[in-house]
Amino acid sequence: MAVKILTEHINVPGINTFDVYRKMGGYAAVEKALKKMTPEEIVEEVKKSGVRGRGGAGFPMGMKWSFLAKPEGVPRYLVCNADESEPGTFKDHFLMREIPHLLIEGMIVSSFALGANKSFIYVRGELMYVIQILEKAIAEAKAAGFLGKNILGSSYDLELVVQPGGGAYICGEETALLESLEGKRGNPRNKPPFPAVKGLYQSPTVVNNVESIANTPWIVNNGGDAYASLGVGRSTGTKLISASGHINKPGVYEIPLGITVEDFIYADEWCGGIRPGHHLKAVIAGGSSVPILPANLILNLANGDKRLMTYESLSDGGFATGTMLGSGGFIAMDETSCVVRNTWTFARFYHHESCGQCSPCREGTGWMDKVLERIEHGKGNMHDIDLLVDVAKKIEGNTICPLGDAAAWPVASAIRHFRDEFEWHVKHPQEATQPGAVYRGAMELV
Amino acid sequence: MTDTTTPITFTPERLAKAQEIIARYPAGKQKSALLPLLHLAQEQYGWVSSDVMDYVAGLLSILPIEVYEVASFYTMFHLDPVGKHVIEYCRTGPCCLMGGEDVYGHLKQKLGIDTGETTPDGKFTLKEVECLAACGWGPVFQIREKYYMNLTNGKVDEIIEELSKD
Ligand SMILES: Cc1cc2nc3c(=O)[nH]c(=O)nc-3n(C[C@H](O)[C@H](O)[C@H](O)COP(=O)(O)O)c2cc1C
Ligand code: SF4
Ligand code: FES
C-alpha cells in the first residue's frame, strides 16, 4: 500500500471530531512546532520537502514562504484558498468535509511558521455546509487550547476566520480572492506588487491551497527529507486526484506522484478502469483549463514510454503532445463523449466567469462560446474552426490574470487533437445534431 | 418574498451573528464582512432586494453602491424574488458526461418550468450554475446548503415530491 500523507485516517469513524482526530495522532505537529521548533526551522523543512502548490500552478511552497516580506510592525496574513471552482476538481471539498481538523492543524503550523496571528480560510460560498463543518472544528480546537491566545503556553496567538465567497470562479485567482476577502468585486490585481509584499489589506500575505496546507503537519512531524523521498524527481510527495467521468470508481484518490497514468486509470486501487463495455477516448488530466489529450497520448509519451502522474511527465512534449497536472482534476471520457460539446461547456464556463477587466478575455471568451455553440448546433462553417484557433491565440498571454490562458488552452487543444470531430460537425450538421450523436471516425480508442 | 411594509431588519439572532462577524476583521476593515452579511440577509429574506442592500450598507457604514456592485458580481445572490426552493443545477462538462442533461431535462419536465423560471405556486425556482466542486458525484444540484448528488430521474422525482409536501 502506498504511503498516505493526507488520507491515512480518512475512513476512521468520527475522524471529523476533535477527539477522534487527536486520538489518531492529530495536533502532534502543533505541539512539536510550537514547543520544539522556530518558525524559520519549519520554513526550512517545508523547503526541503519540495512540496509544490496544489492549487494548480505548482509553485514550490517553501520558496513562496521565504519570499514573504517581514516589515516591522506590519501584520502578516496566511490565506487558505478553498475556492475550488475549476471544473473537474473536488478534492478540497472532500478533504475539508471528511477530515476538517487536518486543514485546521495545517493552518496553525503554517501560520506559526509565517508569523501570522489572524489567518483566513476562503471557501466558495456554495459549500456553506462545509463552512459549518470547519467552524465546528475550529470551535473544538479552540476549546482544547490549540487556537486563541497563548496556544499551549507558547505565547503564540492565532485566530482563524472562515470566509464564504459569493459564487465566482475568478475568486480562486489569488489576488481576486484577496479583493473578495476585502468585501469587493473579484477583479484580479495587476502584479507586481505580489501578495508576498502587498496582499490582504496591503499587508504581506501568503495564499496557499487547502491541500498544500494540509501537507504541512506531516512535514513537521516527519521532516522535509522524508517527504522529499516520496515521489519522483521534482514531483515530491503525494497528490490528491479528483477523478470523474467514465471510470468505474469516480472519487478522490491520494496517489504517490510517479505511478503511471495507465495504472491510475485501470488499477483497482484507483479508478478501476473504464466503465464496462466502453473504451477510453480522451482525458483532461488537470482540471478544465489544461489541454485535452487523446487516449494514446495520455497513456504514452511521444517516445513510447509510459506517461507518469507527475508534473514533469504530464507536461512532457509541451502542448504539442503533452498537458499539465494542474489542480489534479482528472476527467476521463469514453467513446460516447462528444469533444465539441464538452469543449463548448468549458468555453461557456469561461465566458460566464471572465471578470471582464481585460478585453482579450472578455471578448475572446464570448466569441469562443458563441462559435462553439454554433458548431455544436450544426450551424458552423469550416472557417469557424480556424477562427477559434485564432481567437485562442489572441487571448493567450495578453491578459491581467491567467484565466485568459485557462480559457484558450482547452479550445486550442481540442482542435489540435480532434479537428476531425469539429469538421464532422460542420460537414454533417444533421447527423451531428441528433440526440447523443458522436463522431465515430478514425479515432484511436484504448 | 420580502414584505415591503415592515422595515428591513435582521432578527435578533442574526443581528448578534452579524455583530460577531464584523468583529472578526481588523479595525476599519469591516467591509470584509460584506459577503457573509449578504448571505445572512439572503437566508432571512430569500433574496437580496435593494432595501436589504441598503440595510447591509448601513450596518457596515459603507455606501449602498459598494453593496450593489458586489452583490451583482457574485452569482449566489438573487437580486429578484425567487421561489421557496431554489434548485441550482450544475451544467458544466463533467456533470454532462454523467448524463446531467437528461436528468435536468427530466427535472424541468417534472416542474413544468424552464431555467430561470419559478413554478406558479411559488415553490420552486430553477437556476443553471457552473461546476459545484462535486464532479465525481455528478450530476449534481444544490438547494440552499444541501448538495444532492449522483442524481437520476428517480432521485429527482423523490426529492421534488418530498419538497412539494411543505
Ligand atoms: C482563474 C483561476 C482560478 C484559480 N482557482 C483556484 C482555486 O480554486 N483554488 C486554488 O487553490 N488555487 C486556484 N488558483 C491558483 C491561485 O491563484 C494560487 O496560485 C494558489 O491558490 C496558490 O496556492 P498553492 O501555491 O498552494 O497552489 C486559480 C488561479 C486562476 C488563475
Ligand atoms: S484575464 Fe479575464 S478574468 Fe483575468 S483579469 Fe482579465 S478579464 Fe478578468
Ligand atoms: S461539473 Fe458539475 S460539479 Fe463539477
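Visitor: What does Ile121(A) touch, leaving out residues up to four places away in sequence?

Guide: In this predicted model, Ile121(A) touches Cys80(A), Ala82(A), Leu103(A), Ile104(A), Met107(A), Leu134(A), Val161(A), Val162(A) and Gln163(A). These count as contacts because heavy atoms lie within 4.5 Å. Ile121(A) itself belongs to strand 2 of chain A, residues 118-123.

Visitor: Why is Ile121(A) called buried?

Guide: Its relative accessible area is 0%.

Visitor: How far is Ile121(A) from Phe59(A), in sequence and in space?

Guide: The two are 62 residues apart in sequence, and their C-alpha atoms are 20 Å apart.

Visitor: Let's turn to Ser155(A). Why is Ser155(A) called exposed?

Guide: The relative accessible area of Ser155(A) is 60%. The cut-off for exposed is over 50%, so Ser155(A) is exposed. You will find Ser155(A) in the loop between helix 7 (128-143) and strand 3 (159-164) of chain A.

Visitor: Which peptide bond is cis at Pro193(A), and what is its omega?

Guide: The cis bond joins Pro192(A) and Pro193(A), with omega about 0 degrees. Most peptide bonds are trans. Pro193(A) is located in the loop between helix 8 (174-181) and strand 4 (205-209) of chain A. In chain B, the bond from Gly138(B) to Pro139(B) is cis too, with omega near -5 degrees. Pro139(B) lies in the loop between strand 2 (124-129) and strand 3 (141-143).

Visitor: Which residues of chain B does UniProt list for "binding site"?

Guide: The unreviewed UniProt entry lists Cys90(B), Cys95(B), Cys131(B) and Cys135(B). They are spread over 46 residues of sequence, yet they cluster in space, with a largest C-alpha distance of 9.1 Å.

Visitor: Is Cys90(B) buried or exposed?

Guide: Cys90(B) has a relative accessible area of 2%. Under 20% means buried, so Cys90(B) is buried. Cys90(B) is part of strand 1 of chain B, residues 85-90. Beyond its neighbours within four places in sequence, its contacts include Cys95(B), Cys131(B), Tyr104(B) and Val140(B).

Visitor: How do you know that Cys135(B) is buried?

Guide: Its relative accessibility is 2%, and the limit is under 20%; therefore Cys135(B) counts as buried. Cys135(B) is in the loop between strand 2 and strand 3 of chain B. Setting aside neighbours within four places in sequence, Cys135(B) is in contact with Pro94(B) and, from chain A, with Pro87(A), Gly88(A), Thr89(A), Phe90(A) and Ser244(A).

Visitor: Where does ligand 2 sit?

Guide: Ligand 2 is in the largest cavity. It is surrounded by 13 residues, and the closest are Cys355(A), Cys358(A), Cys361(A), Thr399(A) and Cys401(A).

Visitor: What makes up the shell around ligand 2, by class?

Guide: The shell has eight nonpolar residues, five polar ones and no charged ones. Cys counts as nonpolar, so Cys355(A), one of the closest residues, belongs to the nonpolar class.

Notes:
Residues are numbered from 1 along each chain as its sequence is written. Chains are lettered from A and ligands numbered from 1 in the order in which they are written. This is a predicted model: local features need pLDDT of at least 70, side-chain atom pairs count only at pLDDT 80 or more; totals for chains, interfaces and linings use all residues. Side-chain values use heavy atoms; hydrogens and water are left out. A residue is near a molecule or strand if one of its heavy atoms lies within 4 Å of it. On a 1 Å grid over the protein atoms alone, a cavity is a set of points where a 1.4 Å probe fits but cannot get out, and a pocket is an open set with protein on both sides within 12 Å along at least five of seven lines; lining residues have an atom within 4 Å of a point. A molecule sits in a cavity or pocket if more than half of its atoms lie within 2 Å of its grid points. Helices (H or I, at least four residues) and strands (E, at least two) are DSSP runs, numbered from the N terminus. Buried means under 20% relative accessible area, exposed over 50%, partly exposed in between (1.4 Å probe, protein chains only). UniProt positions are given in the numbering used here, feature names are shortened, and annotations may be inferred rather than shown by experiment.
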